[in-house]
Amino acid sequence: METEIIARETEDEERVFELFNNNDKCENEKKTDKKLYELNPLHDLVNALPYIDSYDKELEKNAKSMVEEEMMLMNKQNEIKNYLENFDVPPSVYLKKEDSVIPNELKRCEQNDKMEKLNLNYYNIENETLNESKNVEEWAKTLKKYELVLENLHNALINMELMNKYKEVMWSEHMKIFTHIDINLQNSIKTLKEQIDNINKQRKLHQLSYVNELSTLQNERNEYKRKNAIVLNEIKRLLSENMLMQYKRNLI
């Protein structure tokens, strides 16, 4: 009996151990599915690696001095400098044309006049009356208005019939177009992310190359300091020997 109980306990322990191992394996598989940087918290807030760009210190100093000088002048004069003041307005082709709308529109904007709204009274035929007192020209204008309104209504009716007939097909085509646009945008985003990653990798490699150069320079500096210390100690020893010899000569 005791052996059976012990055997059952060992089996239960093995089952529990297997369950824990399976859970650990699942968690490890989930972790391995992610990239290395995605395991860090708040990784989405960082989109670039630290890097060191090469630059000239003298150019940086000159640029900073120029910016500071310009800011001081702006603060003294209390005005923003117009950098395009001494440059002429570039010529426009449309301003020279007499039939162009742009000159009149520019004049309207300079005079702060409001833009005229579209006059839709021409299509209003509710108040139109066909009296015998009208002359031929007025009858012709009224007839033209009726023809325009009738044509617009006819076009609207055709559009409604086409919409009722092809609405499902056109909507599906419309959605296909948007699907293609979405796919293109996703591909563009993917390529941009790849470009950003490549730039970050290049910057990181650039930084590592500078680190190697700085480490070699640091080692050279330490070596020069060590050699200088040896030379200084030797000079001190020689000076002390020289002073001792001079002292002995003076005693003789």
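Which residues are linked with E234 in a network of salt bridges? E234 is joined in this network by R237 and E241; a salt bridge here is a side-chain nitrogen of Lys or Arg within 4 Å of a carboxyl oxygen of Asp or Glu.

## Basis of the model

This is a predicted model, in which local features need pLDDT of at least 70 and side-chain atom pairs count only at pLDDT 80 or more, while totals for chains, interfaces and linings use all residues. Residues are numbered from 1 along each chain as its sequence is written, and side-chain values use heavy atoms, with hydrogens and water left out.

## Overall fold

The protein chain contains five helices and zero strands, giving the pattern α-α-α-α-α along the sequence. Helices (H or I, at least four residues) and strands (E, at least two) are DSSP runs, numbered from the N terminus.

Of the 252 residues in the protein chain, 4% are buried. Buried denotes under 20% relative accessible area, exposed over 50%, and partly exposed the range in between (1.4 Å probe, protein chains only).

Helix α2 comprises residues 57–77 and reaches 30 Å from its first C-alpha to its last, close to the 30 Å expected at 1.5 Å a residue; the expected span is 1.5 Å times one less than the number of residues. Because the number of buried residues among the 21 in α2 is zero, this helix lies largely in the open. N78 follows α2 and has a positive phi, near 55°.

Helix α5 covers residues 136–251 and spans only 147 Å between its end C-alpha atoms, whereas a straight helix of 116 residues would span 172 Å. A kink of about 70° in α5 is centred on Y166, the bend being the angle between axes fitted to the seven residues ending there and the seven starting there. Buried positions in α5 include T142, K145 and V149, as well as N200 and Q207.

## Salt bridges

Side chains of opposite charge can pair when their charged atoms come close. The structure holds five salt bridges. One of them joins R237 to E234, with the closest N and O atoms 2.1 Å apart. These residues are three positions apart in helix α5, so about one helical turn separates them. R237 is partly exposed at 37% relative accessible area, and E234 is also partly exposed, at 36%.

E223 pairs with R226, the closest N and O atoms lying 2.4 Å apart. Both partners are partly exposed, E223 at 32% relative accessibility and R226 at 44%. A further salt bridge connects E173 and K176, whose closest N and O atoms are 3.8 Å apart; these two residues lie in helix α5, about one turn from each other.
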